Amino acid sequence: MSKAVFIHGPHDVRVGPYQPPPPRNDTVMLKVAAVGLCGSDLHYYKDGGIGAAVIAKPFVPGHEFAGHLVNDEPALGLPRGALVAVDPNRACGQCEYCLAGHANLCPKVEFIGAPPFDGAMTETIAVPSELVVPIPQGFTPLQAVMLEPLGVAIHAIDLAKPRLGESVALIGCGPIGLLILEVLKVAGAGDVFAIDPIETRRDFALKLGAKRAGSSVKDIVQWSNGAGYPLVIEATNSPDGFNDAVLAAKIGGRVVLVGIPDGNSYTLDAAQARRRGLKIKFSRRMGHVYPRAIDLVAQGKVDVVSMVTNEFALDDAPEAFRLHAEGAPGVIKSLIVP
Ligand SMILES: [Zn+2]
Ligand SMILES: [Zn+2]
């Protein structure tokens, strides 16, 4: 019997004994090295679910993770002890969406760490071998964990298609927003104007290359002399995120929504959105982006390390959830280290 972190319901996280699902012949065993605490995990904690994905019974969160192979895996060409990352998205591979290259939108997906599928906030986990992502020598568990949120940022930029030198408004400077900021710079975007209500996150955005960082959408609109921005990317957990993105957008602009709003609803001033004639895209999880995420980290083109501000033992996970839900200042990204 091992132990795991369970979300029982809203604001109820406990660590307890766990009988993991038994290995199958298509799975490999990992000793979990580290797990990221994601904004989506926080929604399960704060709201008890995300839309229709509700917690029916205590479930183990954690979809951003890396681990060491428990056995030699000749089929993967990897020895026992090798550090690997995991793509948590097990799509069916058969439906029209998978066949069209949109495995992130597969309605039959089994996503590790989204109810009812238990995640990685535990000591050992069996994962389908097709989801194992080999990583270069020298990667740390932290870097391997961050490939998943970096992948989310890369997917958002794939949808946003920033033009060379184009200025961008970034709504939200949590871990995903900060990674988006870094990928925007790599992709050749111009000045990035960011907002976040938390000062330490604004400071972080400036450190990672934002031109300016403000606390409200009024700030960034003013910096564009009232005209707004041709491209706006939203990565908040706020019901106002969509509306702020609209208010920051130029007439005819493009808006990409990456965040998941608390309470599963947006507040939106319809006229503001309609009159701008905006092109709006919703970004969900990611496509086939791990190879590029690995290259960006291996080549040092993005910094995924410095935004990890906190590490917690498995037993202290309830404290980690509490701190993040409170929006504790200075806490940007946390890892659980079993
Ligand atoms: Zn995540
Ligand atoms: Zn499918």
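## A helix pair and a run of parallel strands

Leu42, Tyr45 and Lys46 in helix H1 meet Phe321, His324 and Ala325 in helix H10 (contact means C-beta atoms, placed from the backbone, within 7 Å). This is a predicted model, where local features need pLDDT of at least 70, side-chain atom pairs count only at pLDDT 80 or more, and totals for chains, interfaces and linings use all residues. Residues are numbered from 1 along each chain as its sequence is written, with chains lettered from A and ligands numbered from 1 in the order in which they are written.

**Helices H1 and H10**

- By class, this contact of H1 with H10 has 4 nonpolar, 1 polar and 1 charged residues.
- H1 spans residues 39–47 and H10 residues 317–326, and their axes lie 10 Å apart at an angle of about 90°.
- The two helices are therefore roughly perpendicular (a label for angles of 65 to 115 degrees).

**Strand S13 and its neighbours**

- From S13 (residues 192–195), Val192 and Ala194 point one way, Phe193 and Ile195 point the other way, and all are buried (20 or more other C-beta atoms within 10 Å of their own).
- S12 (residues 168–171) runs parallel to S13, joined by 4 bridges (strands pair if DSSP finds at least two bridges between them).
- Ala169 has Phe193 as its bridge partner in S13.
- On the way from S12 to S13 the chain passes through helix H4 (residues 175–186), in a right-handed β-α-β crossover (clockwise from the first strand over the helix to the second, with the strands pointing away from the viewer).
- S14 (residues 212–214) is also parallel to S13, with 3 bridges, and its Gly214 stands opposite Ile195.

Note on methods. A residue is buried if 20 or more other C-beta atoms lie within 10 Å of its own, exposed if 12 or fewer, and partly exposed in between; C-beta atoms are placed from the backbone. Axes are lines fitted to C-alpha atoms, for helices over the stretch in contact, and angles run from 0 to 180 degrees between N-to-C directions. Angles under 35 degrees count as roughly parallel, over 145 as roughly antiparallel, 65 to 115 as roughly perpendicular and the rest as oblique. Two residues are in contact if their C-beta atoms, placed from the backbone, lie within 7 Å. Ala, Val, Leu, Ile, Met, Phe, Trp, Tyr, Cys and Pro count as nonpolar, Asp, Glu, Lys and Arg as charged, and the others, Gly among them, as polar.
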